[in-house]
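Open the structure in your viewer and keep the selection panel at hand. The stops below say what to select next and what is there.

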Amino acid sequence: MCARSSFRERSHPWGPGLAPCALSGPASGARGQLSPGSGGDRGCNSMTLEAIRYSRGSLQILDQLLLPQQSRYEAVGSVRQAWEAIRAMKQVRGAPAIALVGCLSLAVELQAGAGGPGLAALVAFVRDALSFLVTARPTAVNMARAARDLADLAAQEAEREGATEEAVRERVIRWTEDMLAKDLRDNRSIGDLGAHHLLERAAPQGGKVIVLTHCNTGALATAGYGTALGKENSHRKGPGVGLHASENHAANQWAALPICPFASHPPGGLGPTGVIRSLHSLGRLDYAFCTETRPYNQGARLTAFEFVYEQIPATLIADSMAAAAMAHYGVSAVVVGADRVVANGDTANKVGTYQLAIAAKHHGIPFYVAAPSSSCDLHLKTGREIIIEERPGQELTHVNGVRIAAPGIGVWNPAFDVTPHDLITGGIITELGVFAPEELRAALGATVTLDGPQK
């Protein structure tokens, strides 16, 4: 690893170009408009933020394209509306959140009486709705896995002796609600396991580490906690509420179930963000670099917002600055997420991840991928088999509806790239443990099978 050069602003405890930000209290109002904080010209703001708001029969999702200027929630009352939100990346992004919103939208329709009449018609409705949701963003495996498992569940429940339409409908709804709690548990585990493994590898003698991450894999990409960002501080004071479910499953009293990334009790969160949160809570994080993540700027808009809100020391850089940061600022490790991990350990993640892995290997920096086992697809042997989604060219040529590129220029805009397994030098972090890419298939064999649903 390259030693930190004199280029670093050593006197600045928050890393290059970053100062602490004072945060104001929560914003008021149902739509959660941003309240100006006391961060001066740094534009620091505070607000009550929940990525997903769900209660039985009701689903609302945060319009993430409006962050960090304002928070606005859109009601999702149907599978069609969920498909559109997922496809447009307007309110929903991140493989776990895609699966959650897709399945919860089905639960909302079922609660309203959709499907049927009759068991056969209900099962067909569930199967067709889930198959449709999978087409919204095919690279993320979580939705496809959830669709398979939930369709199988509906069919099995319908075949039970004495099965009724009401009972099958209820069982499907409860399954989707149970996804939420599992997502939170898994993501906390990813954050803790990844942080401890990273410290053993990058700082075995103690001291603090500098971590670089890409895109957004925090609470806004999951049910709340985030994989790469990881564990929240237990002492942090902030607005929001946690995940609440009635103890009486039979009565199905799922009261307000906000999926809140900034809860007063630690919520969940996806991969890299979870790892970084955990490092911070352990007192072992010097600071984090987050890339802006063009063309959608998830890093600048979302990851940076989460870091500032939780007062995690961090510095925003352009995607093209990552290699320079590694060379001049002594980055200890790179931690990214994944939308799909295949049998040989190749991973698909936000475009730009592949080049980060190449730069990390050149500088001798451990490169980690953090993802729940639900993102592991052992049906595919190598990354060459992963379907890479291509997005509209306008996402690259326009910003906020204003053209910035020369008219007539051609555009190639893949949403993801594939990182070969031999570049993942730190390991693949799951809720079950941290594995070398070549160990992944055997390690997940007990819980993920090639022919059946995840257990």
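**Stop 1: an aromatic cluster**

Select Tyr 287, which counts as buried because its relative accessibility is 0%; buried means under 20% relative accessible area, exposed over 50%, and partly exposed in between (1.4 Å probe, protein chains only). This is a predicted model, in which local features need pLDDT of at least 70 and side-chain atom pairs count only at pLDDT 80 or more, while totals for chains, interfaces and linings use all residues. Residues are numbered from 1 along each chain as its sequence is written, and side-chain values use heavy atoms, with hydrogens and water left out.

The structure holds four aromatic pairs; rings of Phe, Tyr and Trp (its six-membered ring) pair if their centres lie within 6.5 Å, with planes under 30 degrees apart counted as stacked, over 60 as edge-to-face and the rest as tilted. Tyr 287 and Phe 289 make an edge-to-face pair, 5.3 Å centre to centre with 75° between the planes.

Helices (H or I, at least four residues) and strands (E, at least two) are DSSP runs, numbered from the N terminus. Tyr 287, Phe 289 and Tyr 329 form one aromatic cluster.

**Stop 2: the nonpolar cores**

A nonpolar core is a set of buried Ala, Val, Leu, Ile, Met, Phe, Trp, Tyr and Cys residues joined through side-chain atoms within 4.5 Å. Select Ile 52, Tyr 54, Leu 59, Leu 106 and Leu 130: of the 43 residues in the largest core, these touch the most other members. Helix α2 gives the most to this core, with 11 residues.

Now centre on Leu 106. Which residues is Leu 106 in contact with (heavy atoms within 4.5 Å), leaving aside its neighbours within four places in sequence? They are Val 79, Phe 125, Val 126, Ala 129, Leu 130, Leu 150 and Val 172.

A second, separate core has 31 residues, including Ala 343, Ala 357, Ile 365 and Leu 378.

Technical notes. Contact means heavy atoms within 4.5 Å.
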